[in-house]
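This report describes the fold of one protein, moving from a single residue to the chain as a whole. Please consult the sequence and the model while reading.

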Amino acid sequence: MGASAAEGIRNQLGRPELDLMTILVRESAQNSWDAHLEDTGLPVDYRLDLWTVSPAHVGAWRDLLLNDAPAAAYLPLRDSLRRGAVQVLAVSDRGTTGLGGPTRADRASDSDRDFVSFIRNIGEPRDTALGGGTYGFGKGIFYLISKPGVIIVHTRCRSADGSYETRLMGCAMWKSYVVDEDGGKRRYTGRHWWGDTSGDVIEPLTGPEAEGVARRLGLKPFGAAETGTTIVVVDPLLQRDDETLKPVEAADYLADTLAWHLWPKMIETGGGGPAMRFSVSCDGVEHPVPDPRTTPGLKMFVAAYEDMVGPNGLALDCHRPKRHLGRLGLVKRIMPPLVPTLAARMVGVDRLLHHVCLMRPAELVVTYWQGVRPPSENLGYAGTFRADTAMDDVYAQAEPPTHDAWHHQPLEHPDSTFVRTTFTRLAESVDGLLNLGGGVRDGAAKVALGAASSMFSGLVGGAWGIGGATAYAKPGSTTQAVSRRRAKAGDAAAEEEYVPHGAASAGAGVPGVPGDWPEPDEVSATGRRGTPRPRVQYVGEPYYDERKGATVLVQEFRLPVALSQRVRIELAVTLPGAGGRETEPPQGARMPELAGWEDSQGVVSDTPTCVMQGGDGRIWRALVLPAPDTMTEIGVKVEAVQAS
């Protein structure tokens, strides 16, 4: 009677930029959320479990699935099941409706058609208001990520009379083919099913029979009053780009992918708990899913989300025609460069964070839109945009089958204008954030004040000093830092010219330095060669790092003199173009603060001063909380501790 060929269904996802494992996470979690039980108020439990089928169950897998299966030339299932160990990946949810409704596509139903929509049909419009899916093409990912294109569907749902029913069915989607049968040629679509063959079409196993087969396969049973679905992918393709991952590596990647694509469902909102709970395991060992509130990079998007839903959120609107598009939260921070994971790189987040997370009202991540790059690697920003409820259908129609972008081109006016204007408003908001709300003439250079650390070298950071004097230098990514040093030699004060940072500490022969300076180790309190006095040797440039979730400026240093010494910090700020430095903040402004002194073992003392023993070569770290939108000067001062 005709049907869709397997090739056409497998190709409906197109050629997405995301890898198959990422698409599996996105599409399956979206299906789980669309099926959540709204009346219970409980979160959806979503799991990914990788395991090797045990010897106790592998025989059942081979007996049940290979019985009357097509030849290997038409379905490569035999190769997957006869190759020693059998690997499977289960995607499961609980606290969801399960796949209920009729089991045959020709039976009408006014409400629930989940089983038919997932198992039988392709391209049905969504029946969940504000749901993540549209036409259900994403289900093809389950077949694409299976090397033989085979899955097992194990589900438990409520019947119309309120009773519970367990269903189990096998499905395959590979390639169409033609074979000789009964003296003639017969064409097959490449779609196959396993189940109850007693009728004119294959039906799912139900009730005790379904539960018995699930036990034989080693699948986790449902509780007495539990509903949900488990989809088992046979022989999964654990591949990212051209690299095949080991199962434990794939489990870690899946856990990280969950965090980057489902973090809005992981955070507590509105005083309630998270909407979904996520778990990943490999051969029974749990692989923790990162917490978005503490994960570098992701926690910025969480902060932007909280701004979005709070009073600081921005309303984005289209003016012609007039329409409210949604709300935006934006945050910027001084932060160290990220060390991106594979999952972060997959969404386009690298060392520098300059992205806005786009969502529809279902709060499932669509994509991370890349805004203009900040002019410094020490400044990052993140945003979260959620489309207005009234605009959900517009943005849904702008998405490809993988739901990972918004394209205005396929839409008609005015919908195309709404989507295009969204990105115009995002760009305007980011520009305002980086320029701190100040007016900038057309054609003028646009530099974020807090990002100027790499452009105003010689103004911020820490360098080295002799005795009680300190030199200052800025960390820079593209411009070499410079320093100015003041030191006393006897009663005469000498001041160096500006020279490349690091060169001044070399002593004699530095261009621009008047005369030959002695090595610092040889300078005494009287300026003559003799017993060295307590002093500081700075180690490298200051850099940004994180401690207990906060961004700090770190200056490493040594105390080369073998004395017990008391250290303290001297902090100041410099504003570009202000022509000076300040040690007292204006009213209402913040100053840099000492966060603590960290030893080589990572132990931190948060006292204003700290007694340290010098001369042992150990590296200490001064941890400073920088003031927003300023450049920070760091000076470490030392004095000898008198013996009692």
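Which residues does Leu-258 touch, not counting residues up to four places away in sequence? In this predicted model, Leu-258 touches Val-25, Tyr-46, Leu-48, Trp-263, Met-266, Phe-278, Val-280 and Val-289.

Leu-258 belongs to the largest nonpolar core, which has 71 residues. Together with Phe-142, Ile-151, Trp-260, Trp-263, Phe-301 and Tyr-368, Leu-258 is among the residues that touch the most other members of this core. Helix H8, residues 247-266, gives the most to the core, with eleven residues. A second core is separate and has 26 residues, including Val-88, Ala-172, Leu-205 and Leu-217.

Helix H8 also packs against helix H9, residues 298-309. Their axes come within 11 Å and cross at roughly 15°. Angles under 35 degrees count as roughly parallel, and H8 and H9 are therefore roughly parallel to each other. The crossing in which H8 passes H9 is right-handed. The residues that make the contact are listed below.

| Helix | Contact residues |
|---|---|
| H8 | Ala-259, Trp-260, Trp-263 |
| H9 | Leu-298, Phe-301, Val-302, Tyr-305 |

Turning to the whole protein, twelve helices and 31 strands are present. Of its 644 residues, 50% count as buried. The protein exposes about 29700 Å², and carbon and sulfur atoms supply 50% of this area. Among contacts between residues at least 6 apart in sequence, 66% join residues at least 24 apart.

Definitions and conventions. Residues numbered from 1 in each chain as written. Predicted model: local features only at pLDDT ≥ 70, side-chain atom pairs only at ≥ 80, totals over all residues. Heavy atoms only, no water. Core = buried A, V, L, I, M, F, W, Y, C linked by side-chain atoms within 4.5 Å. Buried < 20%, exposed > 50% of the residue type's maximum accessible area, 1.4 Å probe, protein only. Helix = DSSP H or I, 4+ residues; strand = E, 2+ residues; numbered from the N terminus. Contact = heavy atoms within 4.5 Å. Areas by Shrake-Rupley, 256 points an atom, 1.4 Å probe, with all protein chains shown as cover. Axes fitted to C-alpha atoms, helices over the stretch in contact; angles between N-to-C directions. Parallel < 35°, antiparallel > 145°, perpendicular 65-115°, else oblique. Left-handed = near helix turned anticlockwise from the far one by under 90°.
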